[in-house]
2 protein chains.
Amino acid sequence: MATGPGDDIETLITTMARLPGLGPRSARRVVLHLIRKRAGQMAQLASLMANVAESARECVACGNITQSDLCPICTDPARATGEICVVTEVADLWALERGRAFKGRYHVLGGSLSALDEIGPDDLRIPQLIARIADEHVSEVILALSATVEGQTTAHYIADSLAVTGVTITGLAQGVPIGGELDYLDDGTITAALRARRKF
Amino acid sequence: MATGPGDDIETLITTMARLPGLGPRSARRVVLHLIRKRAGQMAQLASLMANVAESARECVACGNITQSDLCPICTDPARATGEICVVTEVADLWALERGRAFKGRYHVLGGSLSALDEIGPDDLRIPQLIARIADEHVSEVILALSATVEGQTTAHYIADSLAVTGVTITGLAQGVPIGGELDYLDDGTITAALRARRKF
């Protein structure tokens, strides 16, 4: 854009235009909006981002994104129910939390098994999951993975790996459409699928 | 959202969700994307925003957004062509600059006259425009305002105010947009294009 605004403004627009879901037009709109309200919102947003950029990290237990070593879910004694819900990504964990149906703890894999992309069990947090089963008196593992080929391959691999532990393994059942991704589902469907989980 | 991430992350998401064109879902997506790439992009974005929030202001001459008292267009001697293009908002100025067709300077009104919203000439930068006509040896004022009732009311008001100065006043041509199909155009545009027809 060979235009009038100062270099930082232009750089800010082009940086924001590269964010997922935004483009040059929405980036310009957002930046103009923020500049008009700069008394408050932009400085606040800048300092929030600086804080989060500085402190955001993975929970050492479950892989959720948090600002301390352990996320609020893992440190909440009320959630030590012996149930671990295994999800692919942090976005899936957040989606399940919005449904408010699950009262246990989570385990974020960080991806799905994929021969094509050369992602094996050790690239995901599967060894950590197996270690948790032994350490945390887990009675049930809920595999809340996407109903895609990769998701179900990963689910089967985990079920096989955990078979020796004797832990009950369940999977989300009704409500997840074939080919659907958790992050895009409505809260009601996710809740229904969680309530109707069945033995894997 | 009663979820796991730390307070700053939640606040960042809700703040971003209020930006124009974004919503809760896109805000979550953007924040997760930034956290994953936090080594670089998020800190960079935070510092850009802090800089811009600190330094962005209106050009004292034209009203463009800039990081110094005068914007790069107003300080560029090559653009002292005696032509001033009057636009409603900074976004319009940027749109014209992307077209690269105009080589003069701009004047941003900051809105349109509106009896309903009680916006009068002194709420816009119209007095400053009149002052510039006298100060800057202006030969032509191009009214690049929207083809809406408010835009055209404003254009007529400015044309009347500038009549005594003897400066040439022009407006953007109305007609069929490039790539536009007649079948999909509104009647008003077709009528205007027909009236303003020119020799082929």
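Modeller: Across the interface of chain B and chain A, the rule finds two salt bridges; a salt bridge here is a side-chain nitrogen of Lys or Arg within 4 Å of a carboxyl oxygen of Asp or Glu. This is a predicted model, in which local features need pLDDT of at least 70 and side-chain atom pairs count only at pLDDT 80 or more, while totals for chains, interfaces and linings use all residues; side-chain values use heavy atoms, without hydrogens or water. Residues are numbered from 1 along each chain as its sequence is written, chains are lettered from A and ligands numbered from 1 in the order in which they are written.

One salt bridge joins the side chains of A:Arg36 and B:Glu89, at 3.4 Å from N to O. This pair crosses between chains: A:Arg36 is in helix α2 (residues 24–36) of chain A, and B:Glu89 is in the loop between β3 (83–87) and α5 (90–99) of chain B. Helices (H or I, at least four residues) and strands (E, at least two) are DSSP runs numbered from the N terminus. A:Arg36 is exposed, at 51% relative accessibility, whereas B:Glu89 is partly exposed, at 26%. Buried means under 20% relative accessible area, exposed over 50%, and partly exposed in between, with a 1.4 Å probe and protein chains only.

Now the interface as a whole. Chain B gives 56 residues to the contact and chain A gives 58, where contact means heavy atoms within 4.5 Å. Between them the chains bury about 5,300 Å², 70% of it on carbon and sulfur atoms. In chain B, the residues that lose the most area to chain A are B:Pro20, B:Met49 and B:Trp94, together 13% of what that side buries. Buried area is the accessible area (1.4 Å probe) that two parts lose on being put together, summed over both.

Six residue pairs are in polar contact between chain B and chain A, both residues being at pLDDT 80 or more. On the side of chain B that touches chain A, the elements giving two or more residues are α1 (7–17), α2 (24–36), α3 (41–55), β2 (65–66), α4 (72–75) and α5. The largest share of that side, 12 residues, comes from α3(B). A polar contact is a pair of N or O atoms within 3.5 Å; within protein, one must be able to donate a hydrogen and the other to accept it, and residues adjacent in sequence count only if both atoms are side-chain atoms.

Over all chains, the count comes to 10 salt bridges. Among them is the pair A:Arg132 and A:Glu136, with the closest N and O atoms 2.8 Å apart. A:Arg132 is buried, at 5% relative accessible area, and A:Glu136 is partly exposed, at 29%. In chain B, the side chains of B:Arg132 and B:Glu136 also meet in a salt bridge, at 2.8 Å from N to O.

As for the layout of chain A, it is divided into domain 1 (7–55) and domain 2 (59–199), with bounds from an automatic or database domain assignment. The centres of these domains, taken over C-alpha atoms, are 33 Å apart. An unreviewed UniProt entry places the feature "zinc finger region: C4-type" at residues 59–74 of chain A. The end C-alpha atoms of that span lie 8 Å apart, and the span is 19% helix and 12% strand.

Methods:
UniProt positions renumbered as here; feature names shortened; annotations may be inferred.
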